[in-house]
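Welcome! Take a moment to look over the chain and turn the structure around before you read on.

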Amino acid sequence: MCYPYYYWWYYPYYWWYDPYYYSYYSTTTQKPKTFELKVETNPSGIAAVNGAGTYNQGASATFSLTSLIVPVTADERYVFTYWSGAFSGAAPSGAVTMDSSKTVIANYQVEYHLKFSTDPPGIAAVSGSGWYRPGQTVMISGVPVSISGGEGVRYMFDHWTTDGVPVSGSTVEVTTDAPHTVIARYRTQYLLTIESAYGHTQGDGWYDAGKTATFSVTTPVEVSFGVNEVFERWTGDVDSTSATATIMMNAPHTVTAVWRTDSTILYATIALVVVGAFALGLGLAVLVIPRLSQARSMRARPPPKPSAPIETAPEKVKPSPTKKKVKPPAEKASAPETSS
């Protein structure tokens, strides 16, 4: 810029105050160019990121994520998947050369939690639980039909429920359009054991929890001729004198039949035999005694007189026995007298 000669005469010191003049005639250093790096997330604001700012031209700008997984609720979360914009990749960090203003975007994917379990909890392992992206289809099957729960306890598969809604069939299919909870429902069953030394029992076996079991035993039971075993009472988890009883199945139960021996028929039979024998003997006596009396009376009667004289044979005269002569005993010789 060229000023006329009189400019300096009329405007002394103007060069000192005129900023245009100062900037035009002073020597200055030119500043380097700078560019802005924007680091964003999709969905917007889902997580904090590092690296956004202003960088000199040609500088390498580094950016990174503070979190790869961002929980939203207990059953919903966002998971980092890839970078887009001025940078591409799936690593949690990256770098770009700042030759212009740039924007990089961290893309997050929503995931829903699918939970598989059993009721009662923990009685069996059910696979398939985990995090799924929207639109996935998950099919679960093959759970055990019966699971042992210890002595006298078992669990029987009944049905599936999805978010509390019953599902028929042994297989369940779930689309992960939201968090879901799938439960394999089992019925708890308890064993009723009946112990009895005699008779035919009914009612033992498995019952659903809370059900009432009816059981019984046949009575009496003949064990030998005239001897019966008669049911007396139930002991164990039930105290009853009725052959047919009931019990609430809220746990495994055992009942035992108590019997008593009844020989009434045997004793009655023996008595009948004795009475019959006595009656038979009495009847025989009635029939036999008159006959015996008649026989005795016939023996006591004299023989009938003959109508013609009966000649008797002469009696033989026996000879008189002869007398034997008896010799007198010989006299013993007397000893000679001795002189004094």
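Here is a short tour of some strands, cores and single residues. Keep in mind that this is a predicted model.

**The nonpolar cores**

- The largest nonpolar core holds 35 residues. The ones with the most contacts inside this core are Phe-116, Trp-160, Tyr-186, Leu-192, Phe-215 and Trp-234.
- Strand β15, which covers residues 180-195, gives the most to this core, contributing 6 residues.

- Three strands make an open sheet in the order β2-β4-β7, and their pairing is antiparallel.
- β2 (49-50) and β7 (93-97) are at the edges; each has a single partner strand, so one side of each has no neighbour in the sheet.
- Between β2 and β4 (residues 60-65) there are 2 bridges. Look for Val-49, which stands opposite Leu-65 in β4.

**A hairpin to find**

- Strands β19 (residues 221-224) and β20 (residues 227-236) run antiparallel and are joined by 3 bridges. In one of the pairs, Ser-224 has Val-227 of β20 as its bridge partner.
- The two strands form a hairpin, with 2 residues between β19 and β20. In the turn, Gly-226 has a positive phi of about 80 degrees.

- Is Thr-41 buried or exposed? Its relative accessibility is 10%, and buried means under 20%, so Thr-41 counts as buried.
- Thr-41 lies in strand β1 (residues 34-42), and its side chain reaches the backbone nitrogen of Gly-45 at 2.9 Å.
- Leaving aside neighbours within four places in sequence, Thr-41 is in contact with residues including Ile-46, Val-49, Ile-105 and Tyr-108.
- Ser-148, found in strand β11 (residues 146-148), is exposed, with a relative accessible area of 62%.
- Not counting residues up to four places away in sequence, Ser-148 touches Val-153 and Arg-154.
- A polar atom of the Ser-148 side chain lies 3.5 Å from the backbone nitrogen of Gly-150.
- Ser-148 and Ile-123 are 25 residues apart along the chain, and their C-alpha atoms are separated by 8.6 Å.

Methods: Residues numbered from 1 in each chain as written. Predicted model: local features only at pLDDT ≥ 70, side-chain atom pairs only at ≥ 80, totals over all residues. Heavy atoms only, no water. Pairing = 2+ DSSP bridges. Helix = DSSP H or I, 4+ residues; strand = E, 2+ residues; numbered from the N terminus. Core = buried A, V, L, I, M, F, W, Y, C linked by side-chain atoms within 4.5 Å. Buried < 20%, exposed > 50% of the residue type's maximum accessible area, 1.4 Å probe, protein only. Polar contact = N/O pair within 3.5 Å; in protein donor to acceptor, adjacent residues only side chain to side chain. Contact = heavy atoms within 4.5 Å.
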